[in-house]
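Colleague: Hi! I'm new to this one, could you walk me through it?
Modeller: Happy to, let's bring it up first.

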Amino acid sequence: MSSTFSNKPRLYEKIVEVSRGYTADKHSQKEFKPYGFVLNYSNSCNFSCKHCFTKSGSGDISESKLTMDDLKSLSHQADELGVYELDIQGGEPLSYPNLFDVLEALDPGKFYTYLTSNAWLLTQELADKVAAAGVDRITISIDSFDAKEHDDLRQQQGSYKKAMESLEYVAKAGMRPYVNITVGNYNARDKKFLEFCESLLEKKYGVAYNCAIPVGDWQNNYDVMLTPEDTIALEDFRKKHPQIIRDLWNYFDKNAPLVRGCPIVNLFYVNPLGDVLPCPYVQAKIGNIMEQPLKEILEYGFTIGYFNTFSEKCLAGEDVDFAKKYLGQKTSVLNPMSAQEYFNIK
């Protein structure tokens with residue numbers, strides 16, 4: 001990370017500014033302080049995963065309506081708001097035919113920039129090019145610690161082997177290799193899960209947890225959600241391995257894992273149509289970047305009570321009452337419901 005800071009002075013400035021606001025005495029507060037965004041430039045994908053939260057596995061795909069000028073504007077506006085983190089997802093970002101145009105338009109020099117990928121298309125040559133374009137990290141999604149189970153969920157034989165091999169491509173290219181692990185009631189306290197995480201850390205790979213959410217192709221599957229006991233187990237494990245990250249946890253004080261709380265709105269999502277969602281899983285449209293200034297969109301989102309109130313739980317992945325009340329609606333990341341309709345705001 002130190003080399004990233006030296007190469008990206010604007011990023012360093014923003015992280016220093018944001019980190020000043022995260023202190024232990026603000027444990028139960030939430031401020032409007034956007035720090036990151038997820039861009040789904042195109043929902044097209046080369047896999048058909050059984051549990052895809054964007055439903056690309058079910059064929060719910062869309063080519064992007066965003067122009068390079070739209071991306072430049074989004075980057076500029078996000079930077080002005082102090083946003084320092086950019087996660088480029090899909091679909092599968094490595095399948096974008098214009099990936100390097102997208103990266104150039106977004107200007108990775110302003111952000112801690114990473115791609116979230118299934119790694120099927122990754123080669124050493126491509127990893128080197130992505131690193132040269134200013135990407136700091138590639139996060140590779142691994143769904144199970146058993147090759148057969150992973151391949152079955154991804155519906156692609158050999159995908160586990162390829163994912164594990166690709167972590168080395170990322171490392172050799174000079175980027176940070178991360179494994180994105182979906183955690184839910186089915187694995188959070190499983191001994192093999194913990195052993196797998198430890199094996200990744202021993203190899204100097206980053207580990208990022210992502211909640212199992214009952215949306216997309218897992219819609220209404222509330223059994224996958226983390227229980228309070230699961231959450232405690234994850235927090236206890238993180239105390240032993242403070243380098244493990246999760247959006248809910250505070251990156252700036254590894255002894256206070258819940259200071260940040262649910263980052264909804266402050267970590268927002270932009271779909272291929274330019275719609276802004278408060279997060280990928282709460283599929284309520286709060287605006288569109290081709291129609292409104294980003295600051296105006298996010299400020300509106302923050303007026304919604306669920307979003308401006310501190311929550312120690314991920315609303316979509318741990319708050320069962322919230323999930324059952326809202327996540328079962330007929331929405332998707334490509335077809336979000338207006339926030340007014342979603343929350344029945346009069």
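Modeller: One term before we start: buried means under 20% relative accessible area, exposed over 50%, and partly exposed in between, with a 1.4 Å probe and protein chains only. This is a predicted model, so local features need pLDDT of at least 70 and side-chain atom pairs count only at pLDDT 80 or more, while totals for chains, interfaces and linings use all residues. Residues are numbered from 1 along each chain as its sequence is written, and side-chain values use heavy atoms, leaving out hydrogens and water.

Colleague: Got it. Is Cys262 buried or exposed?
Modeller: Cys262 is buried, with a relative accessible area of 9%.

Colleague: And how far is the sulfur of Cys262 from the closest cysteine sulfur?
Modeller: That distance is 5.2 Å, to the sulfur in Cys314, which is too far for a bond. A disulfide is a pair of cysteine sulfur atoms within 2.5 Å.

Colleague: How do strand 2 and strand 3 run?
Modeller: Strand 2 (residues 85-89) and strand 3 (residues 112-117) run parallel and are joined by four bridges. Glu85 stands opposite Tyr112, and Asp87 has Tyr114 as its bridge partner.

Colleague: Which residues cover the two faces of strand 3?
Modeller: Tyr112, Tyr114 and Thr116 lie on one side, with Thr113, Leu115 and Ser117 on the other, and all are buried. Since six of the six residues of strand 3 are buried, the strand is largely enclosed by the rest of the structure.

Colleague: Now a helix. What can you tell me about helix 9?
Modeller: Helix 9 (residues 228-240) has 13 residues and reaches 19 Å from its first C-alpha to its last, close to the 18 Å expected at 1.5 Å a residue. That expected span is 1.5 Å times one less than the number of residues.

Colleague: Which residues of helix 9 are buried?
Modeller: Asp230, Thr231, Leu234, Glu235, Phe237 and Arg238. They cover an arc of only 160° around the axis, which puts them on the same side of helix 9. The arc is that of the directions from the helix axis to the C-beta atoms. On the other side of helix 9, Pro228, Lys239 and Lys240 are exposed.

Colleague: What do the buried residues of helix 9 pack against?
Modeller: Strand 5 (176-183), helix 8 (191-202) and strand 6 (206-211). Contact here means heavy atoms within 4.5 Å.

Colleague: Last topic: where is Lys162?
Modeller: Lys162 is in helix 7 (residues 159-172) and counts as buried at 15% relative accessibility. Leaving aside neighbours within four places in sequence, Lys162 is in contact with Ala119, Trp120, Leu122 and Tyr169. A polar atom of the Lys162 side chain lies 2.5 Å from the backbone oxygen of Leu122.

How values were computed: A polar contact is a pair of N or O atoms within 3.5 Å; within protein, one must be able to donate a hydrogen and the other to accept it, and residues adjacent in sequence count only if both atoms are side-chain atoms. Two strands pair if DSSP finds at least two bridges between them.
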